[in-house]
Amino acid sequence: MIAAERVGVVGAGYVGLTTAACLAHLGHHVRCVDNAGPRVARLRRGVVDIEEPQLAELVSAGLRSGRLRFDTGLGAVTGCALVVLCLPTPAGWDGAPDVRSVTSVAHAVARLVAGPLVLVVKSTVPPGSARALHESLGGDRIDVVSNPEFLREGRSVRDFLHPDRIVLGGRCAAAVEAVAAMYRSVPAPIIRTDWASAELAKYACNGFLAVKASYTNEVADLCDAVGADVTEVAAVMAADPRIGRHFLAPGPGWGGSCLPKDTRGLLDTAGRVGAPLDTVRAAVESNTHHRDRLVRRITEALTGDPDGHLDGYRIGVLGLTFKAGTDDTRDSPAVAVVRQLCARGATVTAYDPACGSRRAAAVDHDGEFQVVDEPLLAAKSASVIVVLTEWPEFRAIDWSAALREVAGPLVIDARNVLDRSTVTGCGFSYRGLGRP
Ligand code: UGA
């Protein structure tokens, strides 16, 4: 009988820390291991670096109850029969996910745990990885269960405790049931399947979301061309349950630490087996073109020429994170657009509620643009204000005060987040995306 209540979690990033804190919240005794010493030292004091609702509270509660402990050494999981691997699988130069940290930690854990062991792979890994891992570990003592995560940044705790589904892929029914038991108090259907299906399902979901978001952005551009309103069009689409209401908001392109990496990983897998996957390839290209079109549109609004130079123009940017509700700027379309504007000669001053000037170095490695702590500082002497992340607080900006700061009264809202009448009522010209 596997003691499911003693659980090891390796990795204390977004996924690992959420998993560890939520499992402790569900009553398990969790040993969470990360090799980043300073991060572990802070976590032991209850200091959570990741901006994620409820996460810090759950970590503190776990520490207080004694059900959550943090360590730097893998030896901490020695007494655990279930070990959840939440390690990064970054894309290599060819787009193929690098699964070496998952493999090496799995082998290290296998050497440390003497009794029966179930390794739960939460990291996003290409189909075939769990089988290969199981074969490389050898013997019947250790089993592998693929348990892909579907957490969204900014909602990870909620998504963990109230998921739409839990996916468990494995070959040994007892191992799958041990992991199912770990989730027994989570109210969600459990889909039991094989290793490869579980692994591919994760990629297929993110690939589909990318296709949907790219399609929405193309429809928004079409709306601009024919004088339709994307908000109205999306409402009609959303009313069809076959389409669904999510991922119908246009923006400057999709990004983040998952969709770009996973579409590359999916295309790499497809390429290896000679499957076309033309739709996902097109979605990736469309995303790049969409971003370029936005930059051309901003350039044209300022210079009258989409290919013009932006030397001497000052642009105020609102939003740098890849979406609202997170402090993450990895693969952020907002940062990519800002870089392109800078490359055309513009001077960019950016404000984001989640990454102020203290974190400027992390956002802007080359010092290409300036990060400020107040939206009105971004507006100062700007010829245009461009909204690139859908933070709701941008609606509450004092637009009359902003008008007094700017050099030109133009707002380009690439997220359709502002209230047009408020902004125009204060004297600005307003341009949304796909809105006449
Ligand atoms: C995504 C998936 O939604 C999660 O299910 C998955 O677990 C996660 O990746 C992962 O693989 O770990 P996340 O990257 O947090 O989650 O972000 P999303 O909320 O999916 O947004 C992704 C991108 O699409 C963002 O840039 C967002 O702005 C963009 N997007 C989203 C749109 O442009 N329009 C929309 O309507 C929705």
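Q: What is the strand order in the open sheet of six strands?
A: In this predicted model, the order is β11-β10-β9-β12-β13-β14, and the pairing is parallel.

Q: Which strands stand at the edges, and why is one side of each left without a neighbour?
A: β11 (370-372) and β14 (429-431) are the edge strands; each has a single partner strand, so one side of each lacks a neighbour in the sheet.

Q: And how many degrees does the twist average from one strand to the next?
A: The average twist between one strand and the next is 20 degrees.

Q: How many bridges join β9 to β10?
A: Strand β9 (residues 314-318) and strand β10 (residues 347-351) run parallel and are joined by five bridges. Within this pairing, Val 317 has Ala 350 of β10 as its bridge partner.

Q: Changing topic: which residues line the second largest pocket?
A: The lining includes Phe 208, Leu 209, Tyr 215, Met 237, Arg 242 and His 246. Helix α8 (residues 195-226) provides the largest share, with five residues.

Q: How do the lining residues divide into nonpolar, polar and charged?
A: Seven are nonpolar, two are polar and three are charged. The space in the second largest pocket comes to about 250 Å³.

Q: Is Cys 22 buried or exposed?
A: Cys 22 counts as buried, because its relative accessibility is 0% and the cut-off for buried is under 20%.

Conventions
Residues numbered from 1 in each chain as written. Predicted model: local features only at pLDDT ≥ 70, side-chain atom pairs only at ≥ 80, totals over all residues. Heavy atoms only, no water. 1 Å grid on protein atoms, 1.4 Å probe; cavity = no way out; pocket = protein on both sides within 12 Å on 5 of 7 lines; lining within 4 Å. Points joined across faces, edges and corners; volume = space filled by probe spheres on them. Helix = DSSP H or I, 4+ residues; strand = E, 2+ residues; numbered from the N terminus. Nonpolar A, V, L, I, M, F, W, Y, C, P; charged D, E, K, R; others polar. Pairing = 2+ DSSP bridges. Axes fitted to C-alpha atoms, helices over the stretch in contact; angles between N-to-C directions. Buried < 20%, exposed > 50% of the residue type's maximum accessible area, 1.4 Å probe, protein only.
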